[in-house]
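This briefing covers a few local features of one model.

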Amino acid sequence: MQVLKFGGTSVASSENIRKVVEILKSKAGEKRMIVVVSALGGMTDTLQRAGELANVKDEHYLQLWESIAERHRKTASELGLSGASMDYLNEGLSELKKILQGIYLINEFSAKTKDKVLSFGELLSSFIIAECTRLQLDSVKRLDSRDVITTDSSYTCAQVNPETTGDNIRRYFAEHDALITIAPGFISRSTEGETTTLGRGGSDYSAAIFAASLNASVLEIWTDVSGMFTANPKLVKQAFPVEEISYHEAMELSHFGAKVLYPPTIRPVLDKNIPIRIRNTFEPEAEGTLINNQGNPDFGAVKGISHLPNVSLITLEGTWMVGIPGSSKRLFEALSNEKINVILITQASSEHSICIAVQTQDADRAATAIDSEFAYENSLGKIDKASVEHDHAIIAVIGDNMKSQQGTSGKMFSSLGKNNVNIRAIAQGASERNISAVIDARDVKKALNTLHYRFFERQVQSLNLFVVGVGNVGKRLLDQIRQQQQHLYDHLYLKVRVVGLSNSRKMVFNEEGLNLDNWESLLHDGVTKDTTKWFNTIRDLNLRNSIFIDITANEDVANSYADYLRENIAIIACNKIACSSEYGKYQELKSLARGYNAPFLFETNVGAGLPVINTLNNLINSGDSITSIQAVLSGSLNFVFNNFNESTTFFDVVKQAQEEGYTEPDPRIDLSGVDVARKILILARESGHAIDMEDIENDSFLPRASLDADSVDDFYETLKDEADHFDALFRKANENGNRLKYVAEFNEGKAKVGLQEVSADHPFYNLDGKDNIVLFYTDRYVEQPLIIKGAGAGAEVTASGLFGDIISLGKR
């Protein structure tokens, strides 16, 4: 004998029922079958609602009944039922209507009456499915489960009498020899002869009762997923079905939100060691998940990660509880008297407090019951009133073999901590089959994905990028990412996705990652840029390894960094404003990055793609100390002075630099020395010195007229008007056999920037094109400095520097 159970989604429509019949046809002749079916998908909720409306004298209950009747008639008709079958169906629907009318008249929708109303879901569906199956297969019989499953009178969640029920089932099948018996799940009958139900999800339980009573070879649960998954596939895209797990693992996963099974289901078959197989009605060829006594010890310590939503934490604390026997007993008795189920319990060894988790719908009642029980102690100030915290969830890591593998809980909690998932309470039994933690409800998706990655996936790190600024540098960065995505995945195990893009006008998001082949059109069609909505969307997506990338020169964007870091969102900044702002703000950002485990990288602030800051950090972290820095830090100014000579004008060279993308859109930022001052300021701070911009001596080579220009156009006009000034600077250096370089220096805690003549024997003399050079003199590099040299300007190399920071984060 084999028992098959089909859930609500499997029988939700005539099309789905046809799939069920095809499965039965494929199995016909193998063994005798008992087929347990649920109500049509969603029907139980509709029946409940109809009863509730009738109870409050809302005549809309009749409209609901009409919809119930129409759905069943339509389904039956589409499956080919007619004549006597339709008459029987209509009789059942008429009986349901009479019961609803009775509720309306006498305002009585007790648990007993509710069971009568809800039973029609399974009674009607089982009849339709049985009649449809008879049209295609021989030896098909319908059994009313109430005739064999006997319970007490605990309506809506009746307790089964196993001895009587087992005898009834065995007697029935000894007297009937149909090859296929179709029975409604969920429903039963009390010893007083009244209709009862086994609780929501009880169709699984019905099927398990049949399987255990007849020592079936297997219990197959047919649903809309291909087995029990490593995590909820709706929340974790990488989740996959587990081939084989143990009964205990399945029960734990079911309790913690894996809706494939109803938790009590497993008990009857567990006692008889009858395997359960979870199958997919819509992919019948899939093997699904086998649940048995031993599971699969070779699979790994962790078999699944699950969660329970809508949880509230209740804490009772006070000095009176310390060392006083019976306080916990009183607490749980108070909750038991109110029929409140406690999901999780945790208490420190100090006994000063005890924390429990309950369903949110029960939280206020629970707190009231606790406060009532301890009212006397509260009045004396010995114990505080129960505190209630809502908007939580429980996540659980589950597996039989966790107890034999060291470090499972360590991996769990360290992974959550690195992703800024705060744990409010922890529970773990000595069996170590389940490690549970209470977390903020908004962190559930991030937590599940983090843990799934840690325990089940090839260690591919997903990086979720949110990019602001898609000008010259931004475009090239997106192009570099597009070209290298597959390489990063194959060789560095990095999955880089651009989830959000924004310019000054539009923004666009895609949680699965934007298509970088057509990002420009996606952004063009995006929504109007709203800075608040941009940030809130990133925060609310709450993706693990979120990275905000600022490729602007916008002060408002720089001022928002602290908000991102507080949400555990890493920052990669091309924008120099934040790191060169007041020293207190710089320190705050560094502190927030450490405190929230959210990296803050800004390698491209100095030297574009050159590893200047990274090298400096390595020197400091290895115990070295910076004594002085000499540098040419502006690729723009180096390009200008390398190309300025007796045959060119200063105006033409600056214009060329701007057109080729070597300067900011406003070249005054570069030529005034402000940009170089910011860079040497950042290097000084990274060296451990507390200085601000006003501490830097800026010896500008620009004439007063250029410095005072009101606009970019006016600035360019002054370059023409002041041509003699610039020509004189070049002639003087040339006559001395020197070259002009804009140099930044830091020595003995002081910094300055300015135009200098450098001689032929100086390392800066032969610095060509747009190159930068940095000389670090340290306690270790005393006579010969550590030199970093290379292209220090240009969109391509700057984008490369940003890309390097992205990869660096992925490797952390």
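**Sheet and its packing**

In strand 6, T150 has R189 as its bridge partner. The model is predicted, and the points below are grouped by topic.

- Strand 6 covers residues 187–190 and pairs with strand 4 in the parallel sense, over two bridges.
- The sheet is open and has three strands in the order 4-6-7, with mixed pairing.
- Strand 4 (150–151) and strand 7 (195–197) are at the edges; each has a single partner strand, so one side of each is left without a neighbour in the sheet.
- Helix 5, residues 111–134, lies across strand 6 and strand 7, and runs at about 75 degrees to strand 7.

**Second largest pocket**

- The second largest pocket holds about 1,300 Å³ of space.
- It is lined by 45 residues, and those closest to its centre are P599, L601, S808, L809 and R812.
- By class, the lining of this pocket consists of 15 nonpolar, 20 polar and 10 charged residues.
- Helix 21 (residues 612–621) gives the most to the lining, with six residues.

**Residue A705**

- A705 is located in helix 26, which spans residues 704–707.
- Apart from neighbours within four places in sequence, A705 is in contact with T718 and E722.
- A705 and T718 are 13 residues apart along the chain, and their C-alpha atoms are separated by 6.4 Å.

Note on methods:
Residues numbered from 1 in each chain as written. Predicted model: local features only at pLDDT ≥ 70, side-chain atom pairs only at ≥ 80, totals over all residues. Heavy atoms only, no water. 1 Å grid on protein atoms, 1.4 Å probe; cavity = no way out; pocket = protein on both sides within 12 Å on 5 of 7 lines; lining within 4 Å. Points joined across faces, edges and corners; volume = space filled by probe spheres on them. Helix = DSSP H or I, 4+ residues; strand = E, 2+ residues; numbered from the N terminus. Nonpolar A, V, L, I, M, F, W, Y, C, P; charged D, E, K, R; others polar. Pairing = 2+ DSSP bridges. Contact = heavy atoms within 4.5 Å. Axes fitted to C-alpha atoms, helices over the stretch in contact; angles between N-to-C directions.
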